[in-house]
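Here's a quick briefing to read with the structure open beside you. Take it one topic at a time and find each piece as you go.

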Amino acid sequence: MEIIKMENIAKLYKLGQVQVEALKNVSLSINDKEFVSIMGPSGSGKSTLLNVIGCLDRATGGTYELAGNFVDKLSDSKMSEIRNMFIGFVFQNFHLLPRMNAKKNVEIPLIYRGINTKRRNELAENALEMVGLKDRMHHLPSQMSGGQQQRVAIARAIVGNPSIILADEPTGALDTKTGELIMELFIKLNRKSMTIVQVTHAEEIAEYGSRIIRLMDGEIVSDEINGGKINV
Ligand SMILES: Nc1ncnc2c1ncn2[C@@H]1O[C@H](COP(=O)(O)OP(=O)(O)OP(=O)(O)O)[C@@H](O)[C@H]1O
Ligand SMILES: [Mg+2]
């Protein structure tokens, strides 16, 4: 089943007299439970595309349907609601709150959803267990390695049980070995039925996906099934 369906998506930025077509004519369908890697040179529109998919930003043209919701037609508040329900984000630099311990960071999306303390505790501990960091739940971000911080960020992304994980350069700040651990975690989540869409510069990281989409100057220039590392 298609969970993401874009037709002729455009994103035009206007800065004074200058216009940048960050995305043009992007038509893209992603099925439930796919693991997709998006590649392309710097400035090719990868982050812009991920932000539109994740309802952090709106397209300026085309139609976008996310899990049966026509996003272009939704109000901002409805769009945020859909985002909170369906999407978990992972970023290159983790985006953890520095003064909160791992467990508190993981609880944040649940606070937005108005879930009570007892249930929040349970869900946050389960999510940290899933990423192998239950024993670090009282640590601050500064007391953890980069790889551990990214695993906390992944726990935060999955704690509300979203259908889709969107990751923008999730291994960009990590060494090769640690990056591989993060990819193994993504594969585990993908097998537990989460759809994953990641942006990466690195071929060896893209290879973990079962499909690789390449962007150039805001357009999809290739979209191929990848036989690569599916079975690690
Ligand atoms: N807020 C903005 N205002 C104006 N132009 C923007 C804005 N955000 C991005 N752009 C432009 O849109 C194009 C695509 O940017 P984007 O950040 O999506 O690229 P990217 O593929 O993620 O690059 P990188 O690999 O460097 O992260 C670039 O030309 C960029 O300058
Ligand atoms: Mg980017």
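Helix α3 makes a right-handed crossing with helix α4. Keep in mind that this is a predicted model. Let's start with that helix pair, then move on to a strand and the core.

*The α3 and α4 contact*
- Helix α3 covers residues 102-112 and helix α4 covers residues 117-130; their axes sit 9 Å apart, at an angle of about 115 degrees.
- On the α3 side, the contact uses A102, K103, V106, E107 and L110, while α4 brings in R120, L123, A124, A127 and L128.
- Sort those contact residues by type and you get seven nonpolar, three charged and no polar.

- Is strand β3 (residues 35-39) largely enclosed or open? It's largely enclosed by the rest of the structure, because five of its five residues are buried.
- That goes for both faces: F35, S37 and M39 are buried on one side, and V36 and I38 on the other.
- β3 runs parallel to strand β8 (residues 195-199), with four bridges joining them, and V36 has V197 as its bridge partner there.
- Strand β9 (residues 211-216) also pairs with β3 in the parallel sense, over four bridges; here V36 stands opposite R211.

*The largest nonpolar core*
- This core has 62 residues, and the ones touching the most other members are A127, A155, I165, L166 and V197.
- Helix α5 (residues 146-158) supplies the largest share, six residues.
- Setting aside neighbours within four places in sequence, A155 contacts V106, A127, L128, M130, V131 and L133.

Notes: Residues are numbered from 1 along each chain as its sequence is written. Chains are lettered from A and ligands numbered from 1 in the order in which they are written. This is a predicted model: local features need pLDDT of at least 70, side-chain atom pairs count only at pLDDT 80 or more; totals for chains, interfaces and linings use all residues. A residue is buried if 20 or more other C-beta atoms lie within 10 Å of its own, exposed if 12 or fewer, and partly exposed in between; C-beta atoms are placed from the backbone. Helices (H or I, at least four residues) and strands (E, at least two) are DSSP runs, numbered from the N terminus. Two strands pair if DSSP finds at least two bridges between them. A nonpolar core is a set of buried Ala, Val, Leu, Ile, Met, Phe, Trp, Tyr and Cys residues joined through C-beta atoms within 7 Å. Two residues are in contact if their C-beta atoms, placed from the backbone, lie within 7 Å. Axes are lines fitted to C-alpha atoms, for helices over the stretch in contact, and angles run from 0 to 180 degrees between N-to-C directions. A crossing is left-handed if the near helix is turned anticlockwise from the far one by less than a right angle, and right-handed if clockwise. Ala, Val, Leu, Ile, Met, Phe, Trp, Tyr, Cys and Pro count as nonpolar, Asp, Glu, Lys and Arg as charged, and the others, Gly among them, as polar.
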